[in-house]
Amino acid sequence: MVEKLEAEEKAYTLYHPRWYRPRVSTYWWLGRWPYLKFILRELSSIFVAWTVVLMLLAIASVERGPQAWAHFLAFMRNPLMVAINVIGFLFVVFHTVTWFNLTPHAMVVRVRGKRVPGLMLSGPNYALWIAISAAVAWLLMR
Amino acid sequence: MFSAGGVVAALLIPVHLFLFGLAFPLGWIDPPSHAKIAGLIAHPLARLYLFVLCSLPLFHWAHRFRYTLYDGLQIKHLNEVIFFLCYGGAIAGTVIAAYLLWNIGGWPR
């Protein structure tokens, strides 16, 4: 009789109590600098989108004629727009630098079993970036 | 599309923001005359380039911003709203870009 009771107690079931998940504060990212840096990196995407909006405005103004183009340039001279664009430029360069620095992590290249150093993967990206930027600038400044 | 947008954004967006947001308006570099820039963007390849420039980074933003809102502000319960605002915005921008670029006249000169 006692052995049968012990055998019943040892039976496993599928039931498991819920895992404990502490609630995370909405401001967790303000706690440490690396967290804040991560959020800032992700928020740089907002200024990427802002640049696209700016380019669409520029294209629309060029299509409407010389006066609209001049008006667009004058609008961008507004101190508020200058401030937004300066901050935006810093964030957009931040996006580029962090994106290229992630390339060796995202794509691990091995030559003859040894891992290629990160700079050899991100370096060409930087070089390409400079070259393409120079080409675009040259096209527009000719 | 997120990573494609990220690469396009990393390579092309800084120079465009610098030129059109700062250098041209503030006169650091002489802005191109209207005739020149209108001639430049009329070219089909230029329009294709601008379409890619204006479309892919928007999808990059949409994906990244959506997850920043989830992880940063812990508002995953607003899933549907965030999804529509982010990807809807990206699609809207793409449609606007397509409409603007399709209707550019003046080619061939």
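Reader: How many residues does each chain give to the contact between A and B?

Author: This is a predicted model, and in it chain A puts in 45 residues and chain B puts in 45 residues. On the chain A side, helix 2 (33-64), helix 3 (66-77), helix 4 (79-106) and helix 5 (118-141) each give two or more residues.

Reader: What makes up the side of chain A that touches chain B: how many residues are nonpolar, polar or charged?

Author: That side splits into 34 nonpolar, eight polar and three charged residues.

Reader: Why is T51(A) called buried?

Author: A residue is buried if 20 or more other C-beta atoms lie within 10 Å of its own. T51(A) has 29 such neighbours inside 10 Å, so it counts as buried. T51(A) sits in helix 2 of chain A.

Reader: Which residues does T51(A) touch, leaving out those up to four places away in sequence?

Author: In chain A, they are G88(A) and V92(A); in chain B, they are I13(B), H16(B) and L17(B). To count as a contact, two C-beta atoms must lie within 7 Å.

Reader: And what about T98(A), how far is that from T51(A) in space?

Author: The C-alpha atoms of T51(A) and T98(A) are 18 Å apart, and the two residues are 47 apart in sequence.

Reader: Which residues have the most contacts inside the largest nonpolar core?

Author: V48(A), M55(A) and I59(A), in a core of 46 residues. Several elements supply at least two residues of this core: helix 2, helix 3 and helix 4 of chain A, plus helix 1 (2-26), helix 2 (34-42), helix 3 (44-73) and helix 4 (79-102) of chain B. As background, nonpolar side chains tend to be buried together in soluble globular proteins.

Reader: What does V48(A) contact, apart from its neighbours within four places in sequence?

Author: V48(A) meets V92(A) and H95(A) in chain A, and A9(B), I13(B), P57(B), H60(B) and W61(B) in chain B.

Reader: How do you know whether chain A is spread out or a compact globule?

Author: Start with its parts: chain A has five helices and two strands, running α-α-α-α-β-β-α from the N terminus. The globule rule gives 14 Å for 142 residues, but the radius of gyration of chain A is 28 Å, well over that, so chain A is more spread out than a compact globule. The C-alpha atoms of chain A fill a box of roughly 100 × 45 × 30 Å along the principal axes.

Reader: What percentage of chain A counts as buried?

Author: Of its 142 residues, 20% do.

Technical notes. Residues numbered from 1 in each chain as written. Chains lettered and ligands numbered in written order. Predicted model: local features only at pLDDT ≥ 70, side-chain atom pairs only at ≥ 80, totals over all residues. Helix = DSSP H or I, 4+ residues; strand = E, 2+ residues; numbered from the N terminus. Nonpolar A, V, L, I, M, F, W, Y, C, P; charged D, E, K, R; others polar. Core = buried A, V, L, I, M, F, W, Y, C linked by C-beta atoms within 7 Å. Buried ≥ 20, exposed ≤ 12 C-beta atoms within 10 Å, placed from the backbone. Rg over C-alpha atoms; globule rule 2.2 N^0.38 Å.
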